[in-house]
Structure formats: structure tokens, C-alpha cells
Amino acid sequence: MADLKGILSFFRSSLSTLLADRLDFKSKKKKRGIYSSKMLWIMRFSGFFSAAMVMIILSPSLQSFSPAEAIRSSHLDSYLRFPSYQASTTSPHSYKDRISFRKIIGFRNADECGSTYREIRGVCDPSLVHVAITLDVIYLRGSIAAVHSILQHSLCPENIFFHFLVSETGLETLVRSTIPELKFKVYYFDPKIVRNLISSSVRQALEQPLNYARNYLADLLEPCVRRVIYLDSDLVVVDDISKMWSTNLGSRTIGAPEYCHANFTKYFTGGFWSDQRFPGTFRGRKPCYFNTGVMLIDLVKWRRVGYTKRIERWMEIQKHHRIYELGSLPPFLLVFAGHVAPIEHRWNQHGLGGDNVKGSCRDLHPGPVSILHWSGSGKPWLRLDSNRPCPLDSLWAPHDLYGQSR
């Protein structure tokens, strides 16, 4: 058994090294089309790895060996912390003072950006690309990695403005010390706004108030910010984010990759579909599932129509009728499904964190990749720290700036 574990450890290590060398994440990324071919290579290699694992697991002499997968979800949410914080009995505020990230500097615009040498005139500057991400102690490591990946792969990183949504103090200084030249602003989201609207979910992490801050971007951000890209904290961007920014939404308020082959009915309870009052909301639409962790939002249209109130209304109905189980996603589906501007699937290769139970390893979907998204219960930093990574977690690791992970 010891020999087997050594072989698997060597195989995983070799795979991670090959992926890192193949992708060369640390090099500048301006080469068009190369990343797509690299992703295709990874898909093929990942398939080979999966086949090898199946052969090993099915061998009669190895039935007692437990295959690599994410941390079990029965206690998962208690693990969604930095390693030193798990054993600490001090408050999160004192812990924040001990978080260590490596400092990064030197992200500059390419010559073709046009605004390379001119000063950006604040958050209302029309040349800016606006990106919103939440910041909290539990997912901070993922958020910083996401920001790092955006800067690393952007042609014009100086033109990106980050809007950080927080429900606790003290994180602004940490971000500033890690990425001193970053253009950003911190917005406080009061948990009391949604606390009485949140119902229990299949996973405790989905019940956190900050998970619902995306519903209030139109209210939190300045009126001059006309559109924004919202991103979850458990992803990395491996393409120029300005490509997604330039998407034409037409008459739609939000844009996102849609997955019309998914079983849409499973996102709501039987009680929803059996109650004559509710299914009619989709009448006249062709609703498709979309993941709310990657969205391009027209804030002007959102404010004009008042979509926040519509989402809140469905959350109120949920409190009384239990029409869904999945946190902040279903209200978005109820309001927008069937009225979403489609964005290429490459902009959300989601589900890499597995399902909401085991968080097992997943392969990439077919096609090119611009965003790798570890939605689901398995997070790459947890699996890497526990020495039980999935093959694709090695694509997240180069963007990790957490000091204790090196």
C-alpha cells in the first residue's frame, strides 16, 4: 500500500508539473489562440489520468485505497478557512492581522491600450473595465487569486477597476499591501439587508449574507458605473477580461453562458412545479440554466426596472413556500432565465469543484477555456493544502499568492 501511494503521489506530481510547464502561466499571455490549444491538450491528458485512476481503483488488490477527491461536505463549511485559522481560538479580526500574501507589482498596459500613460480619472472614467468580487476571510485566498489572474492575463490591466463587496472591516489594507497599484474601492454590504430573507440551503456556505451581495450591485456601485462583470471568488481568468466586457447585451440586462441541455426543473422543488401560481412565471420564455458566478450586468437597465425588488420578492415567497434549495441562484433564474444574453461557454468552465456533496474531481467541458470556475463544494486551495488535489487544481495554483501555501 505504501508503494501504491508513492506511485500515485509521483503520478500526481508529474501531472501537475507537466500542466504547469505546458501552460506556462507565469509568462505574459498576449498570444492569441494558444490557450485554446493548451486547454485541449489538458482535456486529453486529464482523460488519460482519469482512465488510469479507474484501472487502479478497479484492481482487486487495491479496493481499500481511497481515490483522491475533495474534502467531504458533511463538515466542509467548517474547513473553508486558512489552515492556521482552523486551530485558532482568536477572533477573525485578530487573524486577519496574521494573513500573509506575496506582494505583486508591475502590471502595465500594452502600447495598444491607448491609455498607457494617462491618469485614470477615478471610478467614473469611461475607459475602465469594472469587475465586482466579494471579499471575506473565508474565501479571501480565492478572491486574491482571481484578481491576480485577471491582471496577469489582461492586455490593459491598468484599465481594470475592482469593486470589492465586504461585510467586515480590515480587508482593504490587506489588498493594498498585496497589490499596491491596484485600482479598487471597497463597498460595505450590511448583512441585515438579507438576513431575514435567507432560507436554509443544501450547503451552509450558500447561506452567507455576502453571497447575496450581487443582488445589490446596482445600489452599491456609483450611478456612473453603467455595467459590471460579477465574478465568484473560486475561479481564475485565463484570458483578457475585456473580451467579455465588450459583449453586446442587446436588449437584455444580464449576459452569461447558458446551459439549455441541463434539467431546468431540478433547480426548484416539487412544490414549486405543483403550485399553479409559480410555474407561470416562465410562460412565454424558454428558460435555461445559467451560473450566477460569472455575469455581465447592465446596471442602467437593472436600476430602471428595479430587478433587486423582484429578486427579493421571490426570496420572500421562498420563506413561506420552500420553492428551491440552492441559495442565491434560483431567484436569479426566476427573474432572468429565458431573458439572458448568451455569452460563450468558454467564459465559465464551471463545476470544477464537483457537486454540493462530495466535491469530486471533474474534467473540463469540451471547448476553449477563458475562465476556470471551481463551483461546487471542492475548492482548489483546500485540496492542494491537504495533499489531495484534483488534476485541474494545478491550473489554479500559479495564481495563488497566499504566503503560507509556498
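I took buried as under 20% relative accessible area, exposed as over 50% and partly exposed as in between, with a 1.4 Å probe and protein chains only. Helices (H or I, at least four residues) and strands (E, at least two) are DSSP runs, numbered from the N terminus.

The model is predicted: local features need pLDDT of at least 70, side-chain atom pairs count only at pLDDT 80 or more, and totals for chains, interfaces and linings use all residues. Residues are numbered from 1 along each chain as its sequence is written, and side-chain values use heavy atoms, leaving out hydrogens and water.

I started with β2. Ile160, Phe162, Phe164 and Val166 point one way, Phe161, His163 and Leu165 the other, and all are buried. Strand β2 (residues 160-166) is largely enclosed by the rest of the structure, because 7 of its 7 residues are buried.

Next, pairing, which takes at least two DSSP bridges between two strands. β1 (residues 129-135) runs parallel to β2, joined by 7 bridges. Threonine 134 has leucine 165 in β2 as its bridge partner. From β1 the chain crosses through helix α6 (residues 140-153) to β2, a right-handed β-α-β crossover. Right-handed means that, with the strands pointing away from the viewer, the path from the first strand over the helix to the second runs clockwise.

On to β3 (residues 184-188). It is parallel to β2, with 5 bridges. Phenylalanine 164 has valine 186 in β3 as its bridge partner. β2, helix α7 (residues 171-178) and β3 form a right-handed β-α-β unit.

Last, I checked phenylalanine 268 for contacts (heavy atoms within 4.5 Å). Not counting residues up to four places away in sequence, phenylalanine 268 touches Trp273, Phe282, Ile323, Tyr324, Pro330, Leu333 and Leu334.
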